[in-house]
Amino acid sequence: MARRRDVVAGLAALPLLSLSIAGNVPASAQEGALQGDVIATENGDITIHPVEHASLVIGFGGEIIYIDPVGGAALYEGLPAPTAILITHGHGDHFDVPTLEAIAGTAPILTNQDVFSKLPDALKGNASAIANGDQTSLNGLVIRAVAAHNVTDDRLQYHPVGIGNGYVISLGDKLVYVAGDTEPTDEMLDLRDIDIAFLPMNLPYTMTPDQAVEAINVFKPKIAYPYHYGDSDLSVLEKRIGPDTELRLRNWYPNGQG
């Protein structure tokens, strides 16, 4: 059965839904609110809050998951404080120590070994490293690390095999996949039952839109969000993604592409 395509013309900013998450939220997080798409699960709503480029915040009940937060504390003013932080790899558009020092508080940090080794002691005390293919629990949420790397010979220099992580996060009855910086790896193509997928597409570092289409049509997430797309032409996805996936284009560059 075909799924509705939800496409924003010209990547203009959408009217966003505000979600007040006070109630069963830690006191440190009660002052803020997330804005974005709200996706229901059997255990409560997921809220998707794009920040910029590769940075996003996911809300789920009392959990506020920051993913690859960079760009300085000002980008996160007014948002709930993180209850967990996931970092995919050590490039500067995904990992920034001053930003983490400003916003992390006591939130646990999950990352790869390369980033873990670069954390200052104050952050390392709350951090742990996970390797491709391993699984762990963070605040009771099951998280699996998925290989994230280039596969094209002349791009392997950007993201070598065995270093970067993508993450599959179990939220209620939904599986959320945040790919990190990668081309379509065997591990990505082998994914099944993914409800929400965040996929990067900008050259020369990650996928082309054509590669993203091919990957989506293999592992068939129910919802696909292009992110980390720079100036890529996303119209390819609108035309060629199969009926099993709903494409959601959102504005990941509210301050312009830098």
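**Group meeting talk: salt bridges, a sheet and some rings**

Let's start with a charged pair. Arg248 and Asp37 form a salt bridge, with the closest N and O atoms 3.2 Å apart. A salt bridge here is a side-chain nitrogen of Lys or Arg within 4 Å of a carboxyl oxygen of Asp or Glu. Arg248 lies in the segment after strand 15 (246–247) and Asp37 in strand 2 (residues 33–41), so the pair ties together parts 211 residues apart in sequence.

A word on the source. This is a predicted model, where local features need pLDDT of at least 70, side-chain atom pairs count only at pLDDT 80 or more, and totals for chains, interfaces and linings use all residues. Residues are numbered from 1 along each chain as its sequence is written, and side-chain values use heavy atoms, with hydrogens and water left out.

Back to that pair. Are its two residues buried or exposed? Arg248 is buried, at 10% relative accessible area. Asp37 is buried too, at 12%. Buried means under 20% relative accessible area, exposed means over 50%, and partly exposed lies in between (1.4 Å probe, protein chains only). The areas come from the Shrake-Rupley method with a 1.4 Å probe; for residues, only the protein chains shown count as cover.

Arg248 has another partner. Its side chain also meets Glu246 in a salt bridge, 2.8 Å from N to O. Glu246 is buried, with a relative accessible area of 4%. Shared partners join Asp37, Glu246, Arg248 and Arg250 into one salt-bridge network.

Now a pair elsewhere. Asp210 and Arg240 form a salt bridge at 2.6 Å, N to O. Asp210 sits in helix 5 (residues 209–219) and Arg240 in helix 6 (residues 235–240), so this bridge ties together parts 30 residues apart in sequence. Asp210 is partly exposed at 36%. Arg240 is partly exposed at 40%. The salt bridge count comes to 7. In general, side chains of opposite charge can pair when their charged atoms come close.

Next, the overall picture. The chain has 6 helices and 15 strands. These are DSSP runs numbered from the N terminus: helices are H or I with at least four residues, strands are E with at least two. Of the 258 residues, 51% are buried. The chain exposes about 10,900 Å², and carbon and sulfur atoms supply 49% of that. Take contacts between residues at least 6 apart in sequence: 54% of them join residues at least 24 apart. Contact means heavy atoms within 4.5 Å.

On to the sheet. Which strands form it, and in what order? It is an open sheet of 7 strands, ordered 9-10-11-12-13-14-15, with mixed pairing. Two strands pair if DSSP finds at least two bridges between them. Strand 9 (135–138) and strand 15 stand at the edges with a single partner strand each, so one side of each has no neighbour in the sheet.

Look at strand 11 (residues 164–171). Here 7 of the 8 residues are buried, so the strand is largely enclosed by the rest of the structure. Strand 10 (residues 141–148) runs antiparallel to strand 11, joined by 6 bridges. Val146 has Gly166 in strand 11 as its bridge partner. On to strand 12 (residues 174–178): it is antiparallel to strand 11, with 5 bridges. Val168 stands opposite Tyr177 in strand 12. The hairpin of strands 11 and 12 has 2 residues between the strands, and Gly172 takes a positive phi near 60° there.

Leu199 stands opposite Pro226 in strand 14.

Last, the rings. The structure holds 7 aromatic pairs. Rings of Phe, Tyr and Trp (its six-membered ring) pair if their centres lie within 6.5 Å; planes under 30 degrees apart are stacked, over 60 edge-to-face, the rest tilted. Tyr177 and Phe219 have ring centres 5.9 Å apart and planes at 85°, so that pair is edge-to-face. The pair links Tyr177 in strand 12 with Phe219 in helix 5, 42 residues apart. Tyr177 is buried at 0%, and Phe219 is buried at 2%.

Tyr227 and Trp252 have centres 5.7 Å apart and planes at 65°, so they too are edge-to-face. Tyr227 is in strand 14 and Trp252 is in the segment after strand 15, 25 residues apart. Both are buried. Phe198, Tyr225, Tyr227 and Trp252 form one aromatic cluster.
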